[in-house]
Amino acid sequence: METPGTLDAHRLGDEQPSEADIDLYRVLSADISAGVAVVSTSLHKRDYAATVTAFLSVSYDPPTMLVSLYAGSGIGEAIATSGTWELSLLRSKHQGSADWLASPGTPVEGLLAQVPYRRGPATGSVILDGSIAYFELRTVAIHPAATHLLIVGEVLAMGSDAPAAEVPDPLIHFASAYHRLAP
């Protein structure tokens with residue numbers, strides 16, 4: 001049943017969005033709850049990694065995923081060049097690593113010195129220890145979208161590194177902050 005009345009929507013003009021449009025979008029889109037992951041790749045014997053919340057499962061057959069990365073970022077450029085990448089789905093215990101890898105200006109040299117990880121068998125990319133799930137991927141498409149790259153990858157290998165005896169307790173991002181599902 002349709003509810004009577006009109007919505008008080010903020011309409012964007014046909015021109016470029018204003019700073020007020022962009023600020024309102026940031027506030028409203030921060031209320032989209034999302035899982036937290038780390039995406040990584042290796043290029044020229046150097047590791048790149050970053051915290052992401054914009055990723056999704058695209059297809060089960062063949063297993064395919066997508067991640068959205070800022071086009072001007074080092075990780076975006078590295079994945080576009082290397083052709084392979086990895087996604088580690090984080091637990092609440094990974095919040096410190098998520099904060100570190102999300103920090104603007106985090107140095108590439110020594111980036112992972114404080115982050116426990118192992119290398120994936122298919123791509124050699126970094127997989128965070130204790131990840132709820134991890135996926136190693138080969139890039140099959142890159143789509144520019146506004147300021148970002150939508151990178152589509154076909155899964156080469158996958159698994160879980162979370163101890164079976166522990167509650168998975170995923171790290172969730174909502175309202176510009178990290179949260180837990182488990183009490």
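How much space lies in the second largest pocket? About 280 Å³ lies there, the volume being the space filled by probe spheres set on grid points that are joined across faces, edges and corners.

## Basis of the model

This is a predicted model, in which local features need pLDDT of at least 70 and side-chain atom pairs count only at pLDDT 80 or more, while totals for chains, interfaces and linings use all residues. Residues are numbered from 1 along each chain as its sequence is written, and side-chain values use heavy atoms, with hydrogens and water left out.

An open sheet is formed by 7 strands in the order 3-2-6-9-10-5-4, with antiparallel pairing. Its edge strands are strand 3 and strand 4 (55-60), each of which pairs on one side only. Neighbouring strands of the sheet are turned by 30 degrees against each other on average, direction ignored. Strands (E, at least two residues) and helices (H or I, at least four residues) are DSSP runs numbered from the N terminus; two strands pair if DSSP finds at least two bridges between them.

Within this order, strand 6 (residues 84-89) is joined to strand 9 (residues 133-145) by 6 bridges, and the two run antiparallel. Leucine 87 stands opposite phenylalanine 135 of strand 9.

## Helices on the sheet

Helix 2 packs on the sheet and touches strand 2 (37-43), strand 3, strand 5, strand 6, strand 9 and strand 10; contact means heavy atoms within 4.5 Å. The direction of helix 2 makes about 55 degrees with that of strand 2. Helix 3 lies across strand 2 and strand 3, and runs at about 110 degrees to strand 3. Axes are lines fitted to C-alpha atoms, for helices over the stretch in contact, and angles run from 0 to 180 degrees between N-to-C directions.

The loop between strand 5 and helix 2 holds serine 73. Serine 73 has a relative accessible area of 17% and is therefore buried, a term that means under 20% relative accessible area (1.4 Å probe, protein chains only). The C-alpha atom of serine 73 is separated by 17 Å from that of valine 152, 79 residues apart along the chain.

Strand 1 (residues 34-35) and strand 11 (residues 171-174) run antiparallel and are joined by 2 bridges. Alanine 34 has histidine 173 of strand 11 as its bridge partner.

Strand 11 also pairs with strand 12 (residues 177-180), in the antiparallel sense over 4 bridges, and isoleucine 172 stands opposite histidine 179. These two strands form a hairpin with 2 residues between them, and alanine 175 in the turn has a positive phi of about 55 degrees.

The largest pocket contains about 1100 Å³ of space. A pocket is an open set of points on a 1 Å grid over the protein atoms alone, where a 1.4 Å probe fits, with protein on both sides within 12 Å along at least five of seven lines; lining residues have an atom within 4 Å of a point. Its lining has 23 residues, and Ser29, Thr53, Ala54, Ser68 and His148 lie nearest the centre. Helix 1 (19-29), strand 3 (46-52), strand 5 (63-70) and strand 10 (148-159) each supply at least two lining residues. The lining divides into 13 nonpolar, 9 polar and 1 charged. Here Ala, Val, Leu, Ile, Met, Phe, Trp, Tyr, Cys and Pro count as nonpolar, Asp, Glu, Lys and Arg as charged, and the others, Gly among them, as polar.

The second largest pocket is lined by 16 residues, with Ala49, Ala50, Leu101, Ser103 and Thr106 nearest its centre. Strand 3, helix 2 (74-82) and helix 3 (95-102) each supply at least two residues of this lining, and strand 3 gives the most, with 4 residues. The lining of the second largest pocket comprises 10 nonpolar, 6 polar and no charged residues.

Methods:
Buried means under 20% relative accessible area, exposed over 50%, partly exposed in between (1.4 Å probe, protein chains only).
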